Amino acid sequence: MQSIVLLLPHRMRWFVVGGFRASGAGAAALGEYDVLIEALDNPDNRAAYDRRQKARESRARKAHRELMQTLACADCGQVPEQESTYEYGLHGQWTRHPGGRCYPCHQKRKERLEREAEEQLEAARTANASLRPCWTCRGSIGGKEGSELELREKASPDRLECPTCVQARAAKDLGLLVLPVPTKRELVAALVSAPDDSWWEIRRQHARDYPNRRA
């Protein structure tokens, strides 16, 4: 006949009811559990257990504080109470990382960088508008405003084409752009007055660098 063992709510103790007794491994397990309950009922043992529990909780809080210190904002120094992930926009997500910034400082920095990039672009457009135009399309040497290829800095003095024309030349495999050499009439006229040609010096340089080309 099998024994019937019920767990009654009286101080979480096991009792054998119905006149049956547990035997073998079941009896040993019940005995060990009863010894554990009686040990925790002892005031001295309970105090020792509580002290160990408090020590574990204290170590956990210290580890958490140290982790949060690594997440201190690089700009304002604010330390979060918990690790945080923010949702923004339609599908965007931003997570705080060690050495990073809190979300308000992150947003301020993002807006500042966007503003500085826009100011830099406007300055580049102004500077490029004053330079000689693109040799091929005769547009701004910096490229069409708003295009993905538009230069965001002042064009170098040796640039002859805008980024769009450079890309088109590369796609057609046209090779290096070489300007026409000055004609004899232009050379004679240059002895009297400076040519009204923004590419004049480049044409003369190309004539020296590529002497086999004809006017």
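Trainee: How many residues apart are Arg 125 and Glu 122 in helix 3?

Mentor: A helix (H or I, at least four residues) or a strand (E, at least two) is a DSSP run, numbered from the N terminus. Arg 125 and Glu 122 lie three residues apart in helix 3, which means that about one helical turn separates them. Before we continue, note that this is a predicted model, in which local features need pLDDT of at least 70, side-chain atom pairs count only at pLDDT 80 or more, and totals for chains, interfaces and linings use all residues. Residues are numbered from 1 along each chain as its sequence is written, and side-chain values use heavy atoms, with hydrogens and water left out.

Trainee: What joins Arg 125 and Glu 122?

Mentor: Side chains of opposite charge can pair when their charged atoms come close. A salt bridge is counted when a side-chain nitrogen of Lys or Arg is within 4 Å of a carboxyl oxygen of Asp or Glu. Arg 125 and Glu 122 form such a bridge, with their closest N and O atoms 3.1 Å apart. A network of salt bridges links Glu 122, Arg 125, Glu 145 and Glu 150.

Trainee: Is Arg 125 buried or exposed?

Mentor: A residue is called buried under 20% relative accessible area, exposed over 50%, and partly exposed in between (1.4 Å probe, protein chains only). Arg 125 is buried, at 18%, whereas Glu 122 is partly exposed, at 37%.

Trainee: How many salt bridges are found in the whole structure?

Mentor: The search finds eight. One of them joins Asp 75 to Arg 101, with the closest N and O atoms 2.9 Å apart. Asp 75 is in the loop between helix 2 and strand 3 (85–88), and Arg 101 is in the loop between strand 4 (92–95) and helix 3 (103–129), so the bridge ties together parts 26 residues apart in sequence. Asp 75 is partly exposed at 46% relative accessibility, and Arg 101 is partly exposed at 24%.

Trainee: Which residue meets Glu 116 in a salt bridge?

Mentor: The partner is Arg 112, at 3.3 Å from N to O. Glu 116 and Arg 112 are four residues apart in helix 3, and therefore about one helical turn separates them. Glu 116 has a relative accessibility of 38% and counts as partly exposed; Arg 112, at 34%, also counts as partly exposed.

Trainee: How many disulfides does the count give?

Mentor: A disulfide is a pair of cysteine sulfur atoms within 2.5 Å. By this rule the count is zero. Cys 102 is in no disulfide, and its nearest cysteine sulfur, in Cys 105, is 3.5 Å away. Cys 102 is buried, with a relative accessible area of 6%.

Trainee: Which residues form a positive surface patch?

Mentor: For charges, a patch joins like charges within 9 Å, using residues with over 30% relative accessible area and no salt bridge. Lys and Arg count as positive. Here the patch is formed by Arg 51, Arg 52, Arg 56 and Arg 59. Arg 59 belongs to helix 2 (residues 43–70) and is exposed, with a relative accessible area of 55%.

Definitions and conventions
Patches are made of residues with over 30% relative accessible area and no salt bridge: like charges are joined within 9 Å, nonpolar side chains (Val, Leu, Ile, Met, Phe, Trp, Tyr) within 5 Å. Accessible areas come from the Shrake-Rupley method with a 1.4 Å probe; for residues, only the protein chains shown count as cover. The place of a charge is taken as NZ of Lys, CZ of Arg, CG of Asp or CD of Glu.
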